[in-house]
Amino acid sequence: MSNTRQADTASPWRAPLLFLILAALFFAEGTFRNALFSGSWNTALAILNMGLISAVMALGVNMQWGYAGLFNAGVVGFLALGGLAPVLVSTAPVEGAWQAGGPRVILALLVGLGTLVLAALVWKRLRGAMRVPALLAVLVLGFILYRFLFDPAVIAIEANNSASAGNIGGLGWPILLSWPVGALFAAAAAWGVGKVALGLRSDYLAIATLGIGEIIVAVMRNEEWLSRGVKNVSGLPRPVPYELELQNSADFVARAANWGMDPATASGIWVKLLYAGLFTAVLLLLILLAELALKSPWGRMMRAIRDNETAAAAMGKDVTRRHLQIFVIGSAVIGLAGAMMITLDGLLSPNSFNPLRYTFLIWVMVIVGGSGNNWGAVLGAILIWFLWIKAEVWGPELMRLITAPMPDGSLRNHLLGSAPHMRFIALGLVLLLVLRFAPRGLVPEK
Amino acid sequence: MEILNALVTLMNFVVLPAASYGAQLALGALGVTLIYGILRFSNFAHGDTMALGTALVILVTWGMQALGIGLGPLPTALLALPFGIALTAAFVLGTDRVVYRFYRRKRSEPIILVMASVGVMFITNGLTRLIIGVDEIRFDDGARFLFTVRDFREWSGLAEGMSLRVSQLLTLLVTALCCWALFRFLGRSRAGKAMRAYSDNEDLALLSGIDPERVVRLTWIIASALVVIAGTLYGLDKSFKAFNYFQILLPIFAAAIVGGLGNPLGAVAGGFIVAFSEVAVTYPWKKVAEYLGFQPQELLQLLSTEYKFAVSFTILIVVLLFRPTGLFRGKSV
């Protein structure tokens with residue numbers, strides 16, 4: 001990597017200028033109504049909000065890739081785990097679910113975890129001929145006990161009011177509390193994967209994380225007692241007021257009239273602005289922490305390891321341990337973003353976690369923005385998210401323009417119909433072009 | 001009799017499906033392992049190359065069906081296969097020329113090449129969607145079965161039956177043929193020896209006058225031929241759906257790593273190991289147990305089928321923990 005990071009200093013105006021262009025894009029989206037832009041501030045702010053969350057995800061990936069050169073191909077899994085937190089922490093408790101099998105499920109999970117720990121201990125402590133049989137015995141017995149405890153409890157919970165609940169429910173705590181919990185969930189999973197796959201060849205981490213990503217999403221999709229699976233969990237509590245509440249408040253209606261807006265539009269914009277403020281606060285806090293960490297001795301050590309592992313190891317740095325540390329921290333940030341995203345949506349829909357959208361798109365954001373630079377990652381995230389959303393509109397428009405001279409027929413219809421798929425090609429092209437011609441991204445690392 | 005019934009059930013639901021699935025994985029893993037051995041990176045675009053190649057085969061198949069060309073009892077796709085391979089190989093060579101060669105010359109770190117392969121994956125995925133869409137497609141024609149469950153029951157007089165689908169038999173035969181040809185090529189021919197030499201020690205191979213670009217080209221062509229065959233057989237056996245082909249990347253990687261990345265024989269063994277464990281763990285063993293004289297209360301299914309990827313993942317983790325170079329000693333840790 002050292003050969004791609006030789007610093008030829010970029011203009012200090014570059015980042016502010018790019019952020020200005022980004023702001024202009026959002027302004028255009030909010031004000032002009034034509035073939036390119038929607039002219040609705042509601043739409044513009046909705047894109048911005050998801051852009052801010054993408055920026056948090058990109059920060060997490062940037063920590064792993066930009067600071068340490070670790071390729072996490074399972075972003076979607078850590079995101080989904082983070083998204084589980086609002087459901088478990090903040091939804092109202094489900095009547096009867098806990099009595100039906102709550103303690104038993106927890107006991108089963110503890111037994112499962114204990115089996116793994118015991119197996120690890122057996123492997124570490126025992127030597128000689130008994131090692132493998134003892135390990136197998138622990139695993140088999142543990143698995144049988146786990147299933148014995150787990151299955152009836154799950155059946156009982158899922159049978160409990162299965163039409164509208166059928167899940168374990170939440171604790172009913174404030175939703176903002178679920179954000180750090182989401183980060184913790186993701187961090188725990190990252191620790192497990194990192195422990196196994198780090199310290200080996202760099203591709204192995206990529207493949208292992210690809211696997212854990214798929215498995216976490218599969219768990220969310222199938223464990224109805226936990227996440228209601230394909231039945232989705234909706235109606236999560238919100239940290240901001242509901243639009244309807246605002247529209248019913250005489251005070252707000254009067255203020256909206258003052259601004260010259262109808263209450264429906266104004267309430268939508270106000271709610272989105274509140275969300276945007278919340279997300280920006282989190283984002284800025286994270287950037288502050290990340291920048292402080294990067295400038296500290298710890299940050300210098302991280303970059304030293306990234307740029308030359310052998311030299312850093314020779315200096316007595318424990319490369320694998322540091323990698324594990326940064327991998328866990330980065331995944332925690334991704335988990336936090338997952339919890340924020342589910343809070344914004346107010347809905348957990350396990351089927352929507354698509355790796356192309358939530359792993360590789362985030363990667364494009366980081367690479368385009370400038371790996372190793374936090375502001376770059378943020379810029380890349382919001383910009384790419386904006387383009388990703390608008391490409392859905394622009395793609396078919398462009399295709400219509402290209403195919404205009406063609407006679408009406410099945411080929412033209414086919415091309416028009418598949419125009420939305422052009423997004424993938426465009427994204428791949430952007431990734432390859434940036435990787436090749438501007439490997440340091442739009443806002444290079446200092 | 002009971003034992004025979006148990007055996008037939010086992011054959012029908014475990015051995016035959018796992019064997020054909022394993023053969024398909026083996027062909028895919030061979031491609032991954034060859035690319036790893038020669039180009040020294042894990043190709044994330046492999047699953048989508050498989051999808052694109054199969055999509056092209058399907059298109060040619062449709063063309064042939066429209067022209068009334070067929071193979072009688074055998075699926076027309078077999079006839080379309082060479083065209084699909086040629087087109088896919090041309091595309092893959094194009095990506096090598098435009099994308100990978102630059103990093104190879106610069107001797108970039110493998111992880112940069114992995115990243116580039118993610119870009120190629122996106123483009124290939126988009127192309128597949130553009131060409132054939134995201135829907136599930138069945139393109140098997142000709143005879144479905146060599147013999148059906150009913151035929152077998154009437155013939156043997158057993159309570160249980162088994163069937164042999166044409167696609168299963170084809171998969172096994174074609175895979176055996178491919179492996180035989182590949183190992184013969186690697187072991188005997190000049191070009192194959194050059195490939196092995198290059199894989200073992202790049203610098204030494206260069207000194208001996210081996211043209212690296214030729215070796216790389218050959219590798220891409222062989223890998224794409226194998227992966228298109230794997231994709232077509234998988235599509236004939238189950239059905240074609242672009243997203244499933246992306247997901248099959250994980251078992252393919254698991255198979256290649258279990259066997260030891262860079263080791264072709266290991267890739268074949270790995271494919272079967274992954275497939276048999278996947279099917280064995282997700283199969284409900286109740287019926288077999290009953291024939292063997294047990295009276296189980298439950299289905300005896302270790303994991304539900306939705307978690308089949310967890311099996312390849314677990315195998316992957318176990319191998320990484322205990323033997324990171326794979327069972328057959330692959331190239332590097």
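Q: Two residues are in contact if their C-beta atoms, placed from the backbone, lie within 7 Å; how many residues does the contact take from chain A and from chain B?
A: By that criterion, 36 residues of chain A and 38 residues of chain B take part. This is a predicted model, in which local features need pLDDT of at least 70 and side-chain atom pairs count only at pLDDT 80 or more, whereas totals for chains, interfaces and linings use all residues. Residues are numbered from 1 along each chain as its sequence is written, and chains are lettered from A and ligands numbered from 1 in the order in which they are written.

Q: Which helices of chain A each supply at least two residues of the side that touches chain B?
A: Helices are DSSP runs of H or I with at least four residues, strands are runs of E with at least two, and both are numbered from the N terminus. The helices concerned are H6 (178-197), H7 (202-222), H15 (355-369) and H18 (422-437) of chain A. H7(A) gives the most, with 14 residues.

Q: What classes of residue make up the side of chain A that touches chain B?
A: Ala, Val, Leu, Ile, Met, Phe, Trp, Tyr, Cys and Pro count as nonpolar, Asp, Glu, Lys and Arg as charged, and the others, Gly among them, as polar. On that basis, this side has 24 nonpolar, seven polar and five charged residues.

Q: What makes up domain 1 and domain 2 of chain A?
A: The bounds come from an automatic or database domain assignment, which gives domain 1 as 9-93 + 169-437 and domain 2 as 94-168. Their centres, taken over C-alpha atoms, are separated by 33 Å. Seven residues of domain 1 of chain A are in contact with eleven residues of domain 2 of chain A.
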